[in-house]
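Dear colleague,

I am passing on the structure below, and my notes on what was found in it follow directly after. Please read them alongside the coordinates.

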Amino acid sequence: METPFSFWLGFNLAVIALLLADLAFLGQKPKAPSFLQSLLTTLVWVALAAGFGCWIVHESGWKRGTEFFTGYVIEYSLSVDNLFLFVLIFTDFRVPPGQQRRLLFWGVIGALVMRGLLIMAGAALLRKFEWVFYLFGAYILFAGARMLAQKGETEAGKLRVVCIARRILPISDGECDGRFFTREGGRFKFTLLFLVLVVVEITDLIFALDSIPAVFGVTRDPFIVYTSNVCAVLGLRSLYFLLARAVRHLVWLRAGLGCILIFIGAKMIGEEIVPVSTEVSLCVIAAILAVSIIASLVKTAKREANAPIA
């Protein structure tokens, strides 16, 4: 289904307006938001996404609306895996909570631009080369298996992107005072805060290489892929502050996300043999998420119950 240009224009204008409102009312506050504020902000972003999905159902029918909601759930759930690494990065680089808020805002801006370009490239490839769809499926299968096999955490300072950035960019080790650039000894240098922003942007790009092909496994409609991505990314900042303390307790979530990727990859590869409807896909993804979260909470509760009393 060809999407009218007015839909693209209206959606992007609404996103710009929301980002400006976010920057004006929330982005300038020096402190990290409270749990209640993060919860309310997260619910607002989810409500806006749900409202947009209902609008798609009204304008384009149930099938297209279901594709949006499925893509949104995939993107939003996989975005949670970003939080594991964001917590690690901010902790290792000792980024204060107030600066985390600013970094995540600019991280969202960069993510929207990069994901938009990736989606346009993916849609163009699929239109020209049908076999790329199965290549996406194989890659998603590999990404899911890799996520299932992944164990432990890497120190943020030892991430490859950090090592490369330190070699290429003149990085100052001094205090940054919330700035991305500084002058040191008469030379222009980037601050550690800028280095953290680079790490955040590239981390999101790496995750997007998994999540965007996964949404193409649900729909090949560029408008649905793009809008579901954008709606998920817009809520990522408030979700971070909501789950930052709890994310380490979701011990089975990464395994659940790996299973979701494997399911989508298998669906893409076997589409001609065993077609799976969007409604069934949405139910399977929701069930896997629910099981992984419940299993995590149960395991965490047992571990705390068995922990020795100090």
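R220 lies over the face of F133, at 4.0 Å from the ring centre, where a charge is taken to sit over a ring if NZ of Lys or CZ of Arg is within 6 Å of the ring centre and within 35 degrees of the ring normal. This is a predicted model, in which local features need pLDDT of at least 70 and side-chain atom pairs count only at pLDDT 80 or more, while totals for chains, interfaces and linings use all residues. Residues are numbered from 1 along each chain as its sequence is written, and side-chain values use heavy atoms, with hydrogens and water left out.

On confidence, the protein averages a pLDDT (the predictor's confidence in each residue, from 0 to 100) of 79, and 85% of the residues score at least 70. Among the elements, the lowest mean pLDDT, 69, belongs to helix 6 (residues 160-168), and the highest, 90, to helix 8 (residues 222-234).

The protein has 11 helices and two strands, these being DSSP runs numbered from the N terminus (helices H or I, at least four residues; strands E, at least two). Of its 310 residues, 48% are buried, a term that means under 20% relative accessible area, with exposed meaning over 50% and partly exposed in between (1.4 Å probe, protein chains only).

The structure holds 17 aromatic pairs, counted when rings of Phe, Tyr and Trp (its six-membered ring) have centres within 6.5 Å, with planes under 30 degrees apart called stacked, over 60 edge-to-face and the rest tilted. One of them joins F11 and F52 in a tilted arrangement, 5.0 Å centre to centre with 45 degrees between the planes; F11 is in helix 1 and F52 in helix 2 (residues 35-60), 41 residues apart, and both residues are buried. F11 also pairs with Y226, and because the ring centres are 5.9 Å apart and the planes at 70 degrees, this pair is edge-to-face. Since F11 lies in helix 1 and Y226 in helix 8, the pair ties together parts that are 215 residues apart in sequence. The relative accessibility of F11 is 9%, and that of Y226, likewise buried, is 14%. Ring pairs link F11, F52 and Y226 into a cluster with F7, W8, W55, F68, F69, Y72, Y76 and F223.

P4 itself lies in the segment before helix 1 (5-27) and, with a relative accessible area of 36%, is partly exposed.

With best regards
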